[in-house]
Amino acid sequence: MPAPPVDAPPAAAAATTPAAAVAVRVPMPIVRARSRWVPVAWNELPGWSDDRTRELWPALLAGCGKPADGWAGVCKLASALQPANDAQARDFLQRTLQPYRVEAPDGQTTGLATGYFEPYLRASRVPRGSMQVALWRPPADLATRKPWWTRAQLDTLPTARASVRGHEIAYVADPLDALLVQIQGSGRLRITEPDGRERLLRLAYAGHNDHAYRSIGRWLVEQGEVRVEEASWQTIRDWARRYPERLNEMLWSNPRVVFFREEPLPDESVGPRGAQGAPLTPGRSVAVDPLSVPYGSVLWLDTTEPLAAQPLRRAVMAQDTGSAITGAVRVDYFWGWGAQAEQQAGRMKQPLRVWALWPRP
């Protein structure tokens, strides 16, 4: 008699075990390039029953526009469902997905949650008044010079400045705002055209100068100007106001320059597109390391509100990435756009645990 399959029940129990139970396959751990996923029970997800799960649906359907491998079946079912309430949405996820604890290859299960947002700036199509700081589309020689000019070289070398001449999209008043939209990778501009008309447009990421990103917040910490726990965009702006003579020194500590393409923004409620190609949903989209978590995955986050101990536990979609987002237990939480989103994102450096919710085997 051939040996029973490894996932079959003992022979003595087979006669009394329902046929459906016999067919259940025990999920195995999943090993990815920078993470290991360990199957767990739903009751191991802290706060699972308290989430407003129906709010996930717009982000889930956006991600299903470019589904991850293995997600086609779940996406088809999700697209046909408009959950009437949170319980129905939660039941769907439990019926179709299997939770996995995400951990580093060495078994580490805790990591870091930071936040990001889409800046909203006033700008001018041509330099006028205080608006003299340019934001550029990719220059013609970007692909032929590796690495390209640094931020400091662009500000000081005539040859470097010539490379971007004629590639200006818009001008803003504050060099920190220009840096901020480059760090975030996209932005909304309320732009004044040469004839005085105003309109809203989006700057979308279109490339960078092939230099590593360096945090100006970390630079301030290394200079002894602020403590690690104080580093935020508000702290950075306050420091720049106090020491304007050192502003360029701080800006030049980050050699990376990001370039943009201009996009129309007919619907202000639609977020920027992340690396997956789907529009980001405030509070329900995160950036991840794609070598740890594939785009289009549903994740369960266990973290806390910025600078607080209040739990922040919810289902989100992995739909973006960033140069600083590396490792297994690491997310950048998309807060949306506007002043409040900037404040929350700039303060978020919270402990994190993550579970991946993946189609059942």
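**Leu307 and its loop**

I started with Leu307, which is found in the loop between strand 12 (298-304) and strand 13 (311-320). For the element names I use DSSP runs numbered from the N terminus: helices are H or I with at least four residues, strands are E with at least two. Leu307 has a positive phi of about 55° although it is not a glycine. I then looked up its accessibility: Leu307 is exposed, with a relative accessible area of 59%. My classes are buried at under 20% relative accessible area, exposed at over 50%, and partly exposed in between, with a 1.4 Å probe and protein chains only.

A note on the source: this is a predicted model, where local features need pLDDT of at least 70, side-chain atom pairs count only at pLDDT 80 or more, and totals for chains, interfaces and linings use all residues. Residues are numbered from 1 along each chain as its sequence is written, and side-chain values use heavy atoms, with hydrogens and water left out.

**Other backbone entries**

Asp210 sits in the loop between strand 9 (198-208) and helix 9, and counts as partly exposed at 39% relative accessibility. I also logged a cis peptide bond from Lys146 to Pro147, with omega near -10°. Pro147 lies in the loop between strand 6 and helix 6. As a reminder to myself, most residues other than glycine have a negative phi, and most peptide bonds are trans.

**Thr303**

Next I went to Thr303, in strand 12. Buried or exposed? Thr303 counts as buried, at 3% relative accessibility. The C-alpha atoms of Thr303 and Arg313 are separated by 6.2 Å, the two being ten residues apart along the chain. I listed the contacts of Thr303 (heavy atoms within 4.5 Å). Not counting residues up to four places away in sequence, Thr303 touches Ala113, Gln310, Pro311, Leu312, Met348, Gln350, Pro351 and Leu352.

**The chain as a whole**

I stepped back for the totals. The chain has twelve helices and 15 strands, and buried residues make up 49% of its 361 residues. Its C-alpha atoms fill a box of roughly 85 × 45 × 45 Å along the principal axes. Of the contacts between residues at least 6 apart in sequence, 78% join residues at least 24 apart.

**Helix 10 and the cores**

Which residues of helix 10 (residues 233-242) are buried? I found Trp233, Ile236, Arg237, Trp239 and Ala240. Seen down the helix axis, these buried residues fall within an arc of 160°, so they line one face of helix 10; the arc is that of the directions from the axis to the C-beta atoms. They pack against helix 8 (175-184), helix 9 (216-222), helix 11 (247-252) and helix 12 (339-347).

Leaving aside neighbours within four places in sequence, Leu176 is in contact with Ile216, Trp233, Ile236, Arg237, Ala240, Leu247, Met250 and Leu251. In the largest nonpolar core, of 66 residues, Leu176, Met250 and Leu299 touch the most other members. By nonpolar core I mean a set of buried Ala, Val, Leu, Ile, Met, Phe, Trp, Tyr and Cys residues joined through side-chain atoms within 4.5 Å. Strand 15 (residues 349-359) gives the largest share of this core, six residues. Apart from it lies another core, of 14 residues, among them Ala123, Leu135, Ala170 and Leu189.

I finished with a search on a 1 Å grid over the protein atoms alone, where a cavity is a set of points where a 1.4 Å probe fits but cannot get out, a pocket is an open set with protein on both sides within 12 Å along at least five of seven lines, and lining residues have an atom within 4 Å of a point. Points are joined across faces, edges and corners, and a volume is the space filled by probe spheres set on them.

How many cavities of 30 Å³ or more does the whole structure have? I found one. The residues that line the largest cavity include Val288, Asp289, Leu299, Arg330 and Val354.

The second largest pocket holds about 350 Å³ of space. Of its 20 lining residues, Val133, Ala134, Trp136, Asp155 and Arg161 are the closest to its centre. Helix 8 supplies the largest share of this lining, four residues.
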